[in-house]
Amino acid sequence: MSEQVVKRVVIAGGGTAGWVAAAALVKQLGPLIDITLVESDEIGTVGVGESTIPTSRNFHQLLGIDEQAFMRATQATFKLGISFENWGRIGDRYIHSFGENGKRSTWMAEFHHFWLEARAQGFGGSLSDYCFELQAADAGKFAKADGLDINYAYHLDATLYARFLRALAEPAGVKRVEGKIARVEQHAETGFITALVLESGVRVEGDLFVDCTGFRALLIEQTLETGFEDWTRYLGTNSAFAVQTRSTGPAIPLTRAIAHEAGWRWRIPLQHRVGNGIVYCSDFMSDEDARAKLLNDIEGEPLTEPRLIRYRTGARRKVWNKNCVALGLASGFIEPLESTSIHLVKVAVTRLIQSFPFGGCHEAAADRFNAQSRQEIEGIRDFITLHYHLTQRDDSPFWDRCRTMEIPDSLAQRLALFRGDAHAWQDGIDLFRVDSWVQVLLGQGLAPESHHRLAKMMNPSELRQALGALKANIDGAVARLPAHQDFLARYCPAGDA
Ligand code: FAD
């Protein structure tokens, strides 16, 4: 690739991805590089992306962000998981929480094997009885306190979040240039990007370009023609309408994901409003029907007009090509069912910082970056595909297709091993933990035929006592928690937007 020293970093795009990248790069590498961010007010941002996962907290620590200030500035609420409604069958509900099932022990088999053993012996209740975050979420409760171990994420206002990150990044040294990129210049021999030329004629030169231009993928695709691997055969939704509504009650610490005949609908409670949207496959539902369904099903008065967003599920063949690294929607997209997109931006920018090509963009660094990114997004693809495929719904052609579709071999293996022996695992780079796989596999209605025999080594009365004590502890701890809304009002009141 190129021996050219990397000093000038140009970020194209100022959505969540652009400002996340800018804030992280300047915080970590500020004195070593010059950062310019180009964004176009005329084009605007996608304006969605309001539900996160707990890794956001580590990322904020990396940036030295004060949680209360961040939550006030972005009208954020706490999130303990996702409530899946109508997924396995119409009327079903389960919560995929950020908590652990049971508690860690020295046994070589995970907790759910002991719970399955208890069930086989006729006691044990529901697995959800043994997860603190799940029970707290279901009760609409939340607190942070010394000695209280609680795993959580945030719901936030996407526009305010980009603004908040910008307010960190600009004073720290990021130069912002407003304007529409009209042309991208490349080196005649290497094809490396050399400059962005704006409609105003301004030229922004750089050594490394970070493509955060959203679905347009102006640099990585329109310029470098990197290629895109389409995963529509596994994840068939391709459209969404988003609308904001007035809150109708206290904010709950859960995203709601409510399945319908051709996709699902989200509900994300913020402090000042609620974010809603409908996700659907246009082969099975018309835009008019989706829009009408969304407006019919939402609670609360709409504050905005429903906005249509089209997308294609899949991943860029390389996210680092020549001297261009794509982040966010420019790098690929998996629909928002498990709120993983902003997480992927954050891991990618962390990885870029860790392997920053000061001495030039070399093939080896790009190859490793690409391989890790690919493995990561494929793991997420499998996890989301699981929600669609493992269903008993047969009430519409959409669900018939999901139930009977071909799935990736990697997911087929997971299903087979869980179905047989309740075996679930988290490999090195996998985002989702065993706890998550188990909650969703069981929640979607898969009952394992067997479980680890090791669980039989626990004396039945000890097992009954251990489960009873665990449940009582969790019930007691949840009973002592304040309502999520009350905690928010004390911890980070944002006032009106
Ligand atoms: P964008 O927000 O589209 O920003 C693109 C930027 O590029 C803008 O600033 C634009 O002005 C600029 N730009 C483009 N072209 C030009 C040009 N020619 N010249 C100058 N500037 C240009 N993620 C989650 O983690 N959780 C969720 O709950 C979630 N929900 C989602 C729901 C839906 C329906 C969709 C589609 C996505 C969702 N996402 C979610 C993904 C999330 O929205 C994105 O990952 C995140 O917003 C980052 O977007 P972005 O910055 O890559 O793109």
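Buried here means under 20% relative accessible area, with exposed over 50% and partly exposed in between (1.4 Å probe, protein chains only). Keep that handy, because Phe78 comes in at 0% and so counts as buried. A heads-up: this is a predicted model, where local features need pLDDT of at least 70, side-chain atom pairs count only at pLDDT 80 or more, and totals for chains, interfaces and linings use all residues. Residues are numbered from 1 along each chain as its sequence is written, and side-chain values use heavy atoms, leaving out hydrogens and water.

**Aromatic pairs**

- Rings of Phe, Tyr and Trp (its six-membered ring) pair if their centres lie within 6.5 Å; planes under 30 degrees apart are stacked, over 60 edge-to-face, and the rest tilted.
- On that rule, you get 30 aromatic pairs.
- One of them is Phe78 with Phe487, a tilted pair at 5.9 Å centre to centre with 50° between the planes.
- Phe78 belongs to strand E3 (residues 77-79) and Phe487 to helix H14 (residues 484-491), so this pair ties together parts 409 residues apart in sequence. Helices (H or I, at least four residues) and strands (E, at least two) are DSSP runs, numbered from the N terminus.
- Phe487 is buried too, at 7% relative accessibility.
- Another pair, Tyr311 with Phe333, is edge-to-face: 5.0 Å between centres and 80° between planes.
- Tyr311 sits in the loop between strands E17 (307-310) and E18 (314-316), while Phe333 is in strand E21 (residues 332-333), so the pair ties together parts 22 residues apart in sequence.
- Tyr311 is buried at 8% relative accessibility, and Phe333 is buried at 9%.
- Ring pairs also link up a cluster, and its members include Phe70, Phe78, Phe142, Tyr152 and Phe487.

**Arg414 and its two tryptophans**

- A charge sits over a ring if NZ of Lys or CZ of Arg is within 6 Å of the ring centre and within 35 degrees of the ring normal.
- Arg414 lies over the face of Trp425, 4.4 Å from the ring centre.
- The charged end of Arg414 also sits over the ring of Trp437, 3.9 Å from its centre.

**Around strand E2**

- Strand E2 (residues 34-39) is mostly covered, with five of its six residues buried.
- Two strands pair if DSSP finds at least two bridges between them.
- E2 runs parallel to strand E1 (residues 8-12), joined by five bridges; Arg8 has Asp34 of E2 as its bridge partner.
- E2 also runs parallel to strand E7 (residues 175-178), joined by four bridges, and Val38 partners Val177 there.
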